[in-house]
Structure formats: structure tokens, C-alpha cells
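Hi,

Here is the structure I promised to pass on to you. Have a look at it first, and then read my notes below.

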Number of protein chains: 2
Amino acid sequence: MPTRGEPRVTTSPPPRGDLFDPNCPTRHLLDRIGDKWTAMAIKVLAQAHPDEVRFADLRRRIPGISSKMLSQTLQALVADGLLTRRVEATVPPAVWYGATPLGLSLDQPLAILRNWAESHMAEIDTHRRTSQAT
Amino acid sequence: MPTRGEPRVTTSPPPRGDLFDPNCPTRHLLDRIGDKWTAMAIKVLAQAHPDEVRFADLRRRIPGISSKMLSQTLQALVADGLLTRRVEATVPPAVWYGATPLGLSLDQPLAILRNWAESHMAEIDTHRRTSQAT
DNA sequence: CTGTATCCTCCAAGATACTG
DNA sequence: CAGTATCTTGGAGGATACAG
């Protein structure tokens, strides 16, 4: 996730295709979607699909996230076209978020990663404990 | 991406299976492997497999990484059993890193994510530009 | 060559308070 | 309810220097 960005980006034209170029846009994109909160938001909303979920509800379903971070994360995902945002002009207002097809499509790669983590967690744990002996 | 961790972890027993529990070990694991440098190191070494790669060579193949970060990243991956580390007692010494089967297995989920990013980058870019109009 | 040690900067994100 | 504004800080990570 998130992680600190590259120090300086001097050249301008995005040289697509080379993941190892610090200016590579794919790299930035990966940093973004690798973000913890992003991954969780996508998961919740993809699994809720086709239902939408309200802000406060999302907050409840993503334990530990602050209002600020949730807001930021959602804004970025909406801007990227991964989520929709629908405002109900009631009083008090209600805002519903939902996954777009693009957002749904991201959930699959993320799910594969989650599964990998779950499958191999025990193995990794064992290895750490085993090899940490002096 | 690493990303900053959860603020405090008070309870002890790891409640496996609930990705949304802040103490969930899977969540921590995901944070680690989502790290930018980790993803790149795995990619390089998985693609070099079955060849091993030396420290300085890795450094060259991961533009922008510092000696410090590379060292840290590799240490963590070796501790997790994703990489092997082999020291040649020459002068000056040579250290070879290679992917273990576990490391190789991680490259597949990561490759899927990379592919997703590459496939949908254009779409996301377009959406950002389109929707950023006031 | 392969790292470790040290210092230092900077910003992600938590806490808190407040608004439409 | 759904956020934004402001302040603060921990610690990731770059720079640099050095060691085995």
C-alpha cells in the first residue's frame, strides 16, 4: 500500500509498459489500489453489490477507519471510476456508495491476493518462528 | 502497501479468518506484500527463477530503491520464507537471492494485479480527466 | 560487494472540533 | 448524517557515511 511516493519526478511523458520506471503510471496505480483501506472498501462494496452502502455503514464495516480516511479513500475511488456516489437529498442527507463494473473487476485480483494470504499465512508464520532462532 | 499500521493492538489471540479485525494476521500479511518494494523484488526474482540474483544486481533492476530499503525488504522476505539467501565466501563476498516455491506462488496473484492495473489504467485515466471538470 | 548506522525530513493519518 | 478543517506526531524512508 500507500507507502511514500518517489522522491522526484522530473521527466514528464508517462512511459507506459515499464513497471520499473519510477514514472510508470502502472506503478502509481498499484500503489493506490494496494492501499489497505482501498482494498477493504472495494471488498465491502463489491460483496454488497448490487446493493449500495451508506457512509456510516461503511465506517462500521471497516473497523478502525476514521471518518477522514474513509472520506478520502472513497473520493479517490469515485474519481477513478471504481465507485459510484449517490446523494439522497433528505434531511439529514444520505449518501450511498456502490461498486461500478470497474470496481467489481478489481475485486477479483484482490480476492486472489486475499486467498493467497490466507492460504499461506500458516506456512509463513511457521517459517518465521523456525528461522528466528539465533 | 505498507501504509502505516494500526494504532494499537491490545488483545492478543489472533482471530484468523476475519479480515476486518484489526488484529487479523491476514491483514498484516497483506499490508506487507502490498508494499511497493516487496512486489518488485518478488517480481524480479520470480522472473529470474531458477536463477539467483545478486544484491547489487537487484539494486540495479529496481530503480530508485536505496541500499537500506532493499536490504530491509529482502530480509523480511527471507524471514518469511519467500526468498533464499546464499552467501559466497569470496573476497569481496557475493550474496545471491532466489525465489522459493512460496515466493514463486506469490508472484501469480501479484501478476494478476499488475495485469489488472495495466489493462484498466487507460480507462481510469480517462475517467479521472473526465470527471475532474467542475 | 553487501550491507549497517545515523541523522533528518516530511507527510500519512489519528485526534478533535466543527458545519451544512 | 456526511463530511471538512486544523493540529499534531510517529515513523517510513532518503542521504550520507562507514564497516567487514
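The side chain of A:Asp107 makes a polar contact with the side chain of A:Arg114, at 3.4 Å (a polar contact is a pair of N or O atoms within 3.5 Å; within protein, one must be able to donate a hydrogen and the other to accept it, and residues adjacent in sequence count only if both atoms are side-chain atoms). You'll find A:Asp107 in helix α5 of chain A, residues 101-131 (helices are DSSP runs of H or I with at least four residues, strands are runs of E with at least two, and both are numbered from the N terminus). A:Asp107 counts as buried because its relative accessibility is 12% (buried is under 20% relative accessible area, exposed over 50%, partly exposed in between, with a 1.4 Å probe and protein chains only). Leaving out residues up to four places away in sequence, A:Asp107 touches A:Ile42, A:Lys43, A:Ala46 and A:Arg114 (contact means heavy atoms within 4.5 Å).

Before you go further: this is a predicted model, where local features need pLDDT of at least 70 and side-chain atom pairs count only at pLDDT 80 or more, while totals for chains, interfaces and linings use all residues. Residues are numbered from 1 along each chain as its sequence is written, chains are lettered from A and ligands numbered from 1 in the order in which they are written, and side-chain values use heavy atoms, with hydrogens and water left out.

Now to the DNA, starting with strand D. It is surrounded by 20 residues, and the closest are A:Arg54, A:Ser71, A:Arg85, A:Tyr97 and B:Lys68 (near means that a heavy atom of the residue lies within 4 Å). Of the DNA strand D atoms within 4 Å of the protein, 65% are in sugar or phosphate and the rest in bases. As for the bases, a polar side-chain atom of B:Lys68 sits 2.4 Å from a base oxygen of DNA strand D.

A side-chain N or O atom of B:Ser71 is 2.5 Å from a phosphate oxygen of DNA strand C, while a polar side-chain atom of A:Ser66 is 3.4 Å from a phosphate oxygen. B:Ser67 has a side-chain N or O atom 3.2 Å from a base nitrogen of DNA strand C.

Last, the sheet in chain B. Its 3 strands form an open, antiparallel sheet in the order β1-β3-β2 (two strands pair if DSSP finds at least two bridges between them). β1 (53-54) and β2 (83-88) of chain B are at the edges with a single partner strand each, so one side of each has no neighbour in the sheet. α4(B) packs on this sheet and touches β2 and β3 of chain B, its direction making about 110° with that of β2(B) (axes are lines fitted to C-alpha atoms, for helices over the stretch in contact, and angles run from 0 to 180 degrees between N-to-C directions). Between β1(B) and β3(B) there are 2 bridges, and B:Val53 has B:Tyr97 as its bridge partner.

Cheers
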